[in-house]
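Let us walk through this model, one element at a time. Keep the 3D view open as you read.

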Amino acid sequence: RDLLLSIAEDGRYLSFVLSTALWAFSIWLWARVLLDIRFPDPPSDREAYNFWRRHLPRALGAAAFAAVAVAALRTTAVTLTLAWLNAGAGIVFWLCLGYRRRLAKAIARRLSPADPAAHWLWVESIAPGDTPPFADLRQALRGVRGKLAVVAMSAGLALFAAGWAAPVALGSLLGALLLLMLCGATWLPFGTLLTYFGTRRGLPVLSILFVLALLFSNWNDNHEIPAVAAAPLPAARPSVDEALDAWRRANCRGEHCPPMVLIATAGGGSRAAYWTGSLLGRLQDRIPAFDESLFAVSGVSGGALGAAVYRALLGPGVRPPTACAGAMEDCTQAVLGRDFLGPVAARLLHTDLLQRFLPWPLLPDRGAALEAAWRQALREVSGTERSLSTALGDLNPPAGRSWPALFLNATWVDNGRRLVASNLRFDHQSGVPDAPFERANDQLAVLGYDPGLAAAAHNSARFPLISPPGMWRDGDGRVAGRLQDGGLFENYGAETALELLEAVCDRFTCARDELSFPSVERPRLTPIVVLISSDPALPANLAESPRHPPAGFAYELRSTLHSFANTRVGRGAEAAVRLAERVRPLGHFIEFRMCRPTDDGETPPLGWALSTAAQRTIRGYLGATACPGNAAAMIDLERWLRSGA
């Protein structure tokens with residue numbers, strides 16, 4: 001539904017309807033091919049068989065249009081045009097198939113009046129007592145059908161090769177939904193061969209494939225998290241305390257320090273990435289040396305990607321790039337406004353799908369395509385060598401400035417805990433009650449290597465099904481663990497931000513007034529904690545417990561699924577409230593949030609693709625009229641940083 005909204009907002013009606021028509025035609029054609037073959041066990045009721053032989057392929061083809069139309073009707077008012085276009089196209093499709101024989105005969109009579117029945121267009125109607133005309137698949141594929149089969153199979157192989165070799169180019173050109181339609185159209189000939197073979201031999205082909213996929217899953221995991229070549233060892237990273245000491249030496253004067261900014265940014269796919277990147281870019285453009293005041297960003301999922309792009313554009317210890325065509329905000333938006341779901345679909349529908357039926361990991365996975373799309377977008381926009389391929393350890397230059405530090409939160413599948421990737425090292429302090437990072441896990445230390453900036457952002461944004469679970473191996477080559485989207489644990493990054501705040505206040509005297517008693521060892525500092533949320537439907541007060549209609553139909557099953565889905569949101573909201581309550585006596589708390597949609601407004605979609613209209617909506621959240629709370633928060637943050645209060 002998110003993709004339908006994107007297509008409707010960008011006005012790509014014609015290409016989408018044509019691709020749906022191609023998919024529907026392929027469904028009809030290959031269903032007819034199989035039903036026109038005389039299999040060893042003839043039908044006992046020939047009249048009923050011929051009725052279904054005539055009407056079932058048409059119904060299956062028309063169902064493609066119906067599925068899209070229903071989904072578009074259930075989306076928003078913006079997609080109504082798309083719904084009616086597909087519904088109308090489905091009716092035309094049905095009528096064309098129903099009257100095609102009459103039309104073909106009329107044309108044959110005009111082209112060959114002497115003997116129209118000998119013309120290749122002449123096709124006899126199916127009579128109730130007819131026998132399927134072809135003895136086997138070879139006969140069924142003679143003539144036009146055979147040529148269409150060759151074209152479809154060749155196109156399918158070409159798409160497979162392109163999805164393997166150039167998923168970013170293929171996905172960016174066609175988009176995820178068009179790829180889905182084309183994949184359906186071009187895989188059907190191969191599926192027809194399998195179905196025919198299984199029926200002829202009496203083999204349950206689909207059951208065999210299902211069992212093989214389950215069996216081979218023991219050995220064919222191709223979703224290994226990459227390691228950056230020649231990256232510094234994880235243990236070589238400075239610790240959080242060492243980075244805080246370096247920040248103090250660079251910024252503090254005696255017993256007093258300027259304010260320090262900590263950011264927690266929530267997940268939410270491309271909309272969270274675009275919103276986070278836009279906001280960080282705006283702060284960098286409006287506030288001089290904002291990156292000097294920003295010590296760390298704790299990001300989840302899309303928020304982690306937005307933070308990673310911002311940090312990559314800053315580079316290791318240098319000022320923002322000048323090669324971008326505009327300010328930092330323009331750069332982040334240009335990178336994060338691209339279609340990233342297309343490259344994922346290019347791999348998911350081709351190499352990753354086939355890999356499930358192979359016994360060993362031979363084909364590239366879809367996660368690598370997503371990371372490649374991010375790297376290419378940043379490289380093309382920035383025009384510099386700065387890249388998301390940078391190792392996290394390389395964000396710490398020899399001069400010692402390792403901030404803004406990144407803390408990108410993933411979920412450890414095997415135990416449900418946080419697995420945080422950072423350019424800083426943090427160690428468990430066993431035996432110290434409530435020590436910072438006592439309950440978090442250092443991702444680089446667990447993996448034993450540096451996955452790089454793109455992979456670390458992806459590990460935080462491995463939303464189920466869209467991205468596969470990331471896997472790493474032990475020294476003997478065995479699978480050692482897996483991780484998924486950080487939002488499955490907590491969607492705000494607030495838990496890690498709270499631990500960062502505690503680490504800061506262990507090294508500094510955190511206070512927002514003059515009643516504190518700083519020292520040279522623990523100079524006075526005012527922390528500013530910024531929360532970036534990305535859900536327009538959030539209540540005004542995160543401490544509230546929203547009420548939604550309880551499940552009715554299949555409530556025992558759906559209630560459990562709803563609990564799993566909503567727990568991450570509830571846990572995140574509670575963590576965000578704890579973070580706000582903890583920082584207010586010590587410093588300042590600011591929240592930037594997406595505006596609640598108006599009656600006729602649309603919520604930007606969650607997927608890895610944003611329409612032009614959705615990008616425009618998100619940019620509007622920073623305006624003074626659309627979201628006055630964000631404008632006021634921007635003014636307060638700028639005032640506090642400029643004044644040093």
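What covers the buried residues of H3? The cover includes helix H1 (2-10), helix H2 (13-35), H4 and helix H8 (176-201). Contact here means heavy atoms within 4.5 Å. Buried means under 20% relative accessible area, with a 1.4 Å probe and protein chains only. Helices (H or I, at least four residues) and strands (E, at least two) are DSSP runs, numbered from the N terminus. This is a predicted model: local features need pLDDT of at least 70, side-chain atom pairs count only at pLDDT 80 or more, and totals for chains, interfaces and linings use all residues. Residues are numbered from 1 along each chain as its sequence is written, and side-chain values use heavy atoms, leaving out hydrogens and water.

Among the buried residues of H3 are Phe-65, Val-68 and Ala-69. Asn-86 touches these three, and also Phe-16, Val-17 and Thr-20, not counting residues up to four places away in sequence. Asn-86 itself sits in helix H4 (residues 80-111). It is buried, with a relative accessible area of 0%. A polar atom of its side chain lies 2.9 Å from the backbone oxygen of Leu-82.

Now turn to strand S3 (residues 405-412). Eight of its eight residues are buried, so the rest of the structure largely encloses it. Both faces are covered. One side holds Ala-405, Phe-407, Asn-409 and Thr-411; the other holds Leu-406, Leu-408, Ala-410 and Trp-412.

Which strand pairs with S3 in the parallel sense? Strand S2 (residues 294-300) does, over five bridges. Two strands pair if DSSP finds at least two bridges between them. Strand S4 (residues 418-422) runs antiparallel to S3, joined by five bridges.

Definitions and conventions:
Buried < 20%, exposed > 50% of the residue type's maximum accessible area, 1.4 Å probe, protein only. Polar contact = N/O pair within 3.5 Å; in protein donor to acceptor, adjacent residues only side chain to side chain.
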